[in-house]
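Here is a friendly set of notes to read beside the model. Please keep the 3D view open and find each element as we come to it.

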Amino acid sequence: MKKIKWEQMRPDEFVAARDARPVAYLAIGPLEWHSLHLPLGVDPLKAYHHICSVAERIGGVVYPPLYFAADAANRDDLPLRSEAYGGELFERVVEAKLDFIASNGFKVILVISGHGGHLDAVRAVAGRIAEKHGIRVYATQDEMHCGPELYAGDHAGGEETSMMLHIAPDLVDLSKLPPRGEPLDTAKLVIHSPKPDPRVQSSAGYGRESCEAITADLARIVEELLAGKDVRQSGGK
Ligand SMILES: [Zn+2]
């Protein structure tokens with residue numbers, strides 16, 4: 001199978017992959033509380049899955065995921081902290097990463113956040129890097145790339161749980177939630193979702209459908225960017 005991950009390539013493989021498809025990919029998201037049943041890295045893990053799927057389909061080079069965020073869900077009654085560094089440091093780090101990636105000769109960079117809340121900052125940085133290097137930098141969030149019936153925007157609910165059941169089922173444990181039929185305190189668990197009960201509103205098949213729709217749309221966008229077409233940034237629904 002062809003390599004897509006930057007850190008696994010030898011120099012000749014890197015140059016060949018870049019020259020065949022001069023697009024690089026970066027996934028960003030925090031280590032963040034996602035209720036009791038999901039791993040802490042849901043946001044970067046799903047974003048990284050999406051770009052790896054795109055690269056497998058159309059080529060390019062995937063940079064290692066950036067576990068970093070400007071903001072994240074933190075509450076004193078939760079047993080652990082989520083990762084959040086504030087906007088200024090976040091922008092500096094993302095800018096340094098994108099500057100490094102761009103300096104390696106790519107014509108297009110796709111930056112995808114699996115996390116809401118800091119997309120404006122990512123886009124501000126993307127604009128500066130695009131101008132500095134004379135390249136296209138497209139910054140987006142995964143929920144903007146499939147219809148709201150599949151993924152309307154979710155934190156630890158049926159949508160993200162379904163994606164994780166597809167991407168990494170071993171990392172999901174629905175038995176950590178109260179048994180079906182018992183009340184689910186979504187406020188306490190910090191579940192925000194149009195599908196607020198992952199016990200009955202999630203499945204691997206549904207997650208696969210969402211992930212495949214996102215992959216297809218992102219692949220189309222990258223192809224258009226590489227072809228020099230005018231691609232508008234998705235603004236959401
Ligand atoms: Zn999330």
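1. **The core.** The largest nonpolar core holds 61 residues, and those with the most contacts inside it are Tyr25, Leu26, Ile51, Leu98, Ile109, Leu110 and Val111. A nonpolar core here is a set of buried Ala, Val, Leu, Ile, Met, Phe, Trp, Tyr and Cys residues joined through C-beta atoms within 7 Å. Buried means that 20 or more other C-beta atoms lie within 10 Å of a residue's own; 12 or fewer make it exposed, and anything in between partly exposed, with C-beta atoms placed from the backbone. Helix H2 (residues 42–58) gives the largest share of this core, seven residues. In soluble globular proteins, nonpolar side chains tend to be buried together.

2. **How to read the model.** This is a predicted model, in which local features need pLDDT of at least 70 and side-chain atom pairs count only at pLDDT 80 or more, while totals for chains, interfaces and linings use all residues. Residues are numbered from 1 along each chain as its sequence is written. Helices (H or I, at least four residues) and strands (E, at least two) are DSSP runs, numbered from the N terminus.

3. Which residues does Leu26 touch, not counting residues up to four places away in sequence? They are Tyr63, Leu66, Lys97, Ile101, Ile109 and Val111. A contact means that the C-beta atoms of two residues, placed from the backbone, lie within 7 Å.

4. **Helix H2.** Of the 17 residues of H2, 12 are buried, so this helix is largely enclosed by the rest of the structure. Among them are Val42, Leu45, Ile51 and Val54, together with His49 and His50. Their cover includes strand S1, strand S2 (61–62), strand S3 (66–67), S4, H5 and H7. At 1.5 Å a residue, H2 should span 24 Å, and its end C-alpha atoms are 24 Å apart, which agrees; the expected span is 1.5 Å times one less than the number of residues. Gly59 follows H2 and has a positive phi, near 95°.

5. **Helix H5.** H5 (residues 158–167) is mostly covered, with 10 of its 10 residues buried. Among these are Glu159 and Glu160 as well as Met163, Met164 and Leu165. H2 and H7 are included in what covers the buried residues of H5.

6. **Where H5 meets H7.** At what angle do the axes of H5 and H7 cross? They cross at roughly 90° and come within 7 Å; axes are lines fitted to C-alpha atoms, for helices over the stretch in contact, and angles run from 0 to 180 degrees between N-to-C directions. The two helices are therefore roughly perpendicular to each other, a label for angles of 65 to 115 degrees, where under 35 is roughly parallel, over 145 roughly antiparallel and the rest oblique. H5 contributes Glu159, Ser162, Met163, Met164, Leu165, His166 and Ile167 to the contact, and H7 contributes Ala204, Tyr206, Gly207, Arg208, Ser210 and Cys211. These residues divide into seven nonpolar, four polar and two charged; Ala, Val, Leu, Ile, Met, Phe, Trp, Tyr, Cys and Pro count as nonpolar, Asp, Glu, Lys and Arg as charged, and the others, Gly among them, as polar.

7. **Helix H7.** The 23 residues of H7 should span 33 Å at 1.5 Å a residue, and its end C-alpha atoms are 32 Å apart, which agrees. Its buried residues include Tyr206, Cys211, Ile214, Ile221 and Leu225. Among the elements covering them are strand S1 (23–29), strand S4 (108–113) and strand S5 (136–141), besides H2 and H5. Just after H7, Gly228 takes a positive phi of about 80°.

8. **Two residues of H7.** Leu218 lies in helix H7 and counts as buried, with 26 C-beta neighbours inside 10 Å. Leu218 touches His50, Val54, Leu110 and His145, not counting residues up to four places away in sequence. Thr215, also placed in H7, is buried, with 23 other C-beta atoms within 10 Å. Leaving aside neighbours within four places in sequence, Thr215 is in contact with His50, Ser53, Val54 and Arg57.

9. **Two backbone points to check.** Most residues other than glycine have a negative phi, and most peptide bonds are trans. Ala156, in the loop between S5 and H5, has a positive phi of about 70° although it is not a glycine. Ala156 counts as buried, with 25 C-beta neighbours inside 10 Å. Val190 has a positive phi of about 55° and lies in the loop between helix H6 (186–189) and H7. With 19 C-beta neighbours inside 10 Å, Val190 counts as partly exposed.
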